[in-house]
Amino acid sequence: MTPSSMYLAEFIGTASLLLLGNGINMTLSLRKSFGKGGGWMVTCFGWGLAVSMSAYLTGWVSGAHLNPALSISLALSGRLALNLLPGYIIAQLLGAMAGATLAYLTNKDLMDDEPDAGTKLGVFATGPAIENKPWNLVTEIVGTTILVVGILAIGYESNEVGSGMGPFLVGMLICVIGMATGGATGFAINPARDLGPRIAHALLPIKGKGGSNWQYAWVPIIGPIIGAVLGVLFFDAFVGKCITCII
């Protein structure tokens, strides 16, 4: 695959993820939506399936990172060529903005009718249930560490995951991370997932939208990056130790 095809795949995959994911948020949160009040379990399963479908769409081209934190950690550990990293991150961020914009256009009438500015932001970007940024950061670090360890474990050859099952299992991993950690911060666990839609929220002419809560925006950027790096370090140390024990 050429770098340009990989970047295009990351753009399309991340756009798909945010079109589906932000669309789920809008369906469950906007006051006149038929799906209003569907609940947190629907959110978790919906985002998990959004990841799975987007990974099936583009994983065969680029690996379907769809997440700058994952790409950074894989590049630092030698699993992704460093020269590809800037293109991956740019494609993911632009894809997230495009997907969030498409979700908005799909639900524009519902968005216009929604009176609460906080809800209008919440269907785009994450925010804490209780704002305490140091602990919000810890939550994002823990969630992303679990994500990266899980992705590497699913892809590890000794686990013998059946052909084609990887994206589905990663989606289920996203689902359980949302159930376990999402109640505190909305489980961004992906800088593009939060920053791309937050930028879209700021730029789009959304009726009565209010501010984009930029003072919180660094948490779902820095936390996932730290967590992803820790996840790779932990997995590689664990695998190395176990191989040494076996030998």
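Predicted model: local features only at pLDDT ≥ 70, side-chain atom pairs only at ≥ 80, totals over all residues.

Me: Is K32 buried or exposed?
Reply: The relative accessibility of K32 is 55%. Exposed residues are those over 50%, so K32 counts as exposed.

Me: What is the C-alpha separation of K32 and E114?
Reply: K32 touches L110 and D113, not counting residues up to four places away in sequence. E114 is 82 residues from K32 along the chain. The C-alpha atoms of K32 and E114 are separated by 7.8 Å.

Me: With which residues is S29 in contact, leaving aside its neighbours within four places in sequence?
Reply: S29 is found in helix α1, and with 25% relative accessibility it counts as partly exposed. S29 and L110 are 81 residues apart in sequence and 9.8 Å apart in space, C-alpha to C-alpha. Leaving aside neighbours within four places in sequence, the contacts of S29 are K36, E114, T119 and V123.

Me: Are α1 and α2 roughly parallel or roughly antiparallel to each other?
Reply: The axes of helix α1 (residues 3-29) and helix α2 (residues 40-62) come within 9 Å and cross at roughly 165°. Angles over 145 degrees count as roughly antiparallel. The two helices, α1 and α2, are therefore roughly antiparallel.

Me: How do the residues of the contact of α1 with α2 divide by class?
Reply: α1 passes α2 in a right-handed crossing. The residues of this contact divide into 14 nonpolar, 11 polar and one charged.

Me: How are α7 and α8 oriented, roughly parallel or roughly antiparallel?
Reply: Helix α7 (residues 133-155) and helix α8 (residues 166-185) have axes that come within 10 Å and cross at roughly 165°. That angle makes α7, relative to α8, roughly antiparallel.

Me: Which residues of α7 and α8 make the contact?
Reply: The crossing of α7 and α8 is right-handed. On the α7 side the contact is made by N136, T139, E140, G143, I146, L147, G150, I151 and I154. On the α8 side the residues are G166, L169, V170, L173, I174, I177, T181, A184 and T185.

Me: What is the C-alpha separation of A180 and Y56?
Reply: A180 lies in helix α8 and counts as exposed at 65% relative accessibility. A180 and Y56 are 124 residues apart along the chain. Their C-alpha atoms are separated by 25 Å.

Me: Is the aromatic pair of Y156 and F235 stacked or edge-to-face?
Reply: The count comes to four aromatic pairs. For Y156 and F235 the distance is 5.8 Å centre to centre, with 80° between the planes. Planes over 60 degrees apart count as edge-to-face, and the pair of Y156 and F235 is edge-to-face.

Me: How many residues apart in sequence are the parts that the pair of Y156 and F235 ties together?
Reply: Y156 is partly exposed, with a relative accessible area of 28%, whereas F235 is buried, with 8%. Y156 lies in the loop between α7 and α8 and F235 in helix α10 (residues 219-246), so the parts tied together are apart in sequence by 79 residues.

Me: Is the pair of F234 and F238 stacked or edge-to-face?
Reply: F234 and F238 both lie in helix α10, four residues apart, about one turn of the helix. F234 is exposed at 51% relative accessible area, and F238 counts as partly exposed at 46%. The ring centres of F234 and F238 are 6.3 Å apart and the planes are at 5°, so the pair is stacked.

Me: What is the phi of F187?
Reply: Most residues other than glycine have a negative phi. F187 lies in the loop between α8 and α9 and is buried, with a relative accessible area of 6%. Although F187 is not a glycine, its phi is positive, at about 40°.

Me: What is the phi of N213?
Reply: N213 is found in the loop between α9 and α10. N213 is not a glycine, yet has a positive phi of about 55°.

Methods
Residues numbered from 1 in each chain as written. Heavy atoms only, no water. Axes fitted to C-alpha atoms, helices over the stretch in contact; angles between N-to-C directions. Parallel < 35°, antiparallel > 145°, perpendicular 65-115°, else oblique. Left-handed = near helix turned anticlockwise from the far one by under 90°. Contact = heavy atoms within 4.5 Å. Phe/Tyr/Trp six-rings, centres within 6.5 Å; stacked < 30°, edge-to-face > 60°. Buried < 20%, exposed > 50% of the residue type's maximum accessible area, 1.4 Å probe, protein only. Nonpolar A, V, L, I, M, F, W, Y, C, P; charged D, E, K, R; others polar.
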